[in-house]
Amino acid sequence: MAIAQAMCTSFKKELLEGVHNFKNSGGDTFKLALFAEGSGGKSSTTATLGATTTALVTTGEVASSGTYATGGGTLTRVDPSTSGTTAITDFADLSFTTATITAMGALIYNSSDSNKAVAVLDFTSNKTSTAGTFTIQFPTADASNAIIRIA
Amino acid sequence: MFNVNVSQLGSVVVKTSEQGGLSNEQIADLAVEKIASVSEDAPSHLKQQAKLFKEQLKGIIHHYLLLARKEERGTIIQALRSSGHKEMAEYIRRL
């Protein structure tokens, strides 16, 4: 599969190195960029994203449309917290409006630090908005569902 | 030795629309997903209870979303009428 959901391996190492800061106040800027497989991407390129992705790539990213600009949208951080013995972090939902987009997945990356990759999201099928809204909703921030969990 | 498992990544929900914004139904779905969630590892009876609760919740949220949109539209229509834009007010009323 060209886009495979995964926590990027480089991100796990960088966590131990203290590279990423998810705090709401003073944290790094994290972005979410959308990617396509096949003809949905710029110049009909197909994205290859997965655990081995280390930084933002442009191959297969969807073209700018509506409020979506290449490089993606900035995520609003929610302070890391704990749920039982699990540490979690979360982002506010992200929407692009008046956009014509077809995307199969997304990459969350740290634009404050050389666009280092955090995680690859696989939508499992093409999601398309036509002159409409493209919304990505993050899961409930708890020990079982949060987008990023350290158990 | 400690085993720290950071390989836990949640699943996002994607909603899209055509020729306009998300529908009341889609927004209600988003709200329900945020309010009530159940782990994939939960026992089946808990999953069933959660499913029923979510259906009830969705009905309530959907009702109040419709009301909120209707009331906001009413406020906009009145503001347009008051400022002399009667045609535009009528157009929005018919949406």
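1. To begin with the open spaces of this predicted model, the largest pocket has a volume of about 460 Å³. Its lining is made up of 20 residues, and those lying nearest the centre of the pocket are Pro139(A), Asn145(A), Ser11(B), Val38(B) and Glu40(B). When the lining of this largest pocket is sorted by residue class, six residues are nonpolar, eight are polar and six are charged.

2. The next point is the contact between the two chains, to which chain A gives 33 residues and chain B gives 27 residues. The size of an interface is often given as the accessible area lost when the parts come together. For chain A and chain B the buried area is about 2,500 Å², and carbon and sulfur atoms account for 51% of that area.

3. Which residues form the salt bridge between Lys34(B) and its partner in chain A, and how far apart are the atoms? The partner is Asp93(A), whose side chain meets that of Lys34(B) with a distance of 3.2 Å from N to O. The rule finds one salt bridge across the interface of chain A and chain B, while the count of residue pairs in polar contact between the two chains, both residues being at pLDDT 80 or more, is 19.

4. On the side of chain A that touches chain B, at least two residues each are supplied by β1 (6-7), α1 (9-16), β7 (116-137) and β8 (148-150) of chain A. The largest share of that side, 15 residues, comes from β7(A). Taken by class, the side of chain A that touches chain B has 17 nonpolar, 11 polar and five charged residues.

5. Finally, it is worth looking at salt bridges over the model as a whole, for which the count over all chains comes to nine. One salt bridge joins Asp29(B) to Lys58(B), with the closest N and O atoms 2.8 Å apart. Asp29(B) belongs to helix α1 (residues 24-35) of chain B, whereas Lys58(B) belongs to helix α2 (residues 44-82) of chain B, and therefore the pair ties together parts that are 29 residues apart in sequence.

Terms used. Residues numbered from 1 in each chain as written. Chains lettered and ligands numbered in written order. Predicted model: local features only at pLDDT ≥ 70, side-chain atom pairs only at ≥ 80, totals over all residues. Heavy atoms only, no water. 1 Å grid on protein atoms, 1.4 Å probe; cavity = no way out; pocket = protein on both sides within 12 Å on 5 of 7 lines; lining within 4 Å. Points joined across faces, edges and corners; volume = space filled by probe spheres on them. Nonpolar A, V, L, I, M, F, W, Y, C, P; charged D, E, K, R; others polar. Contact = heavy atoms within 4.5 Å. Buried area = accessible area lost by both parts, 1.4 Å probe. Salt bridge = Lys/Arg side-chain N within 4 Å of Asp/Glu carboxyl O. Polar contact = N/O pair within 3.5 Å; in protein donor to acceptor, adjacent residues only side chain to side chain. Helix = DSSP H or I, 4+ residues; strand = E, 2+ residues; numbered from the N terminus.
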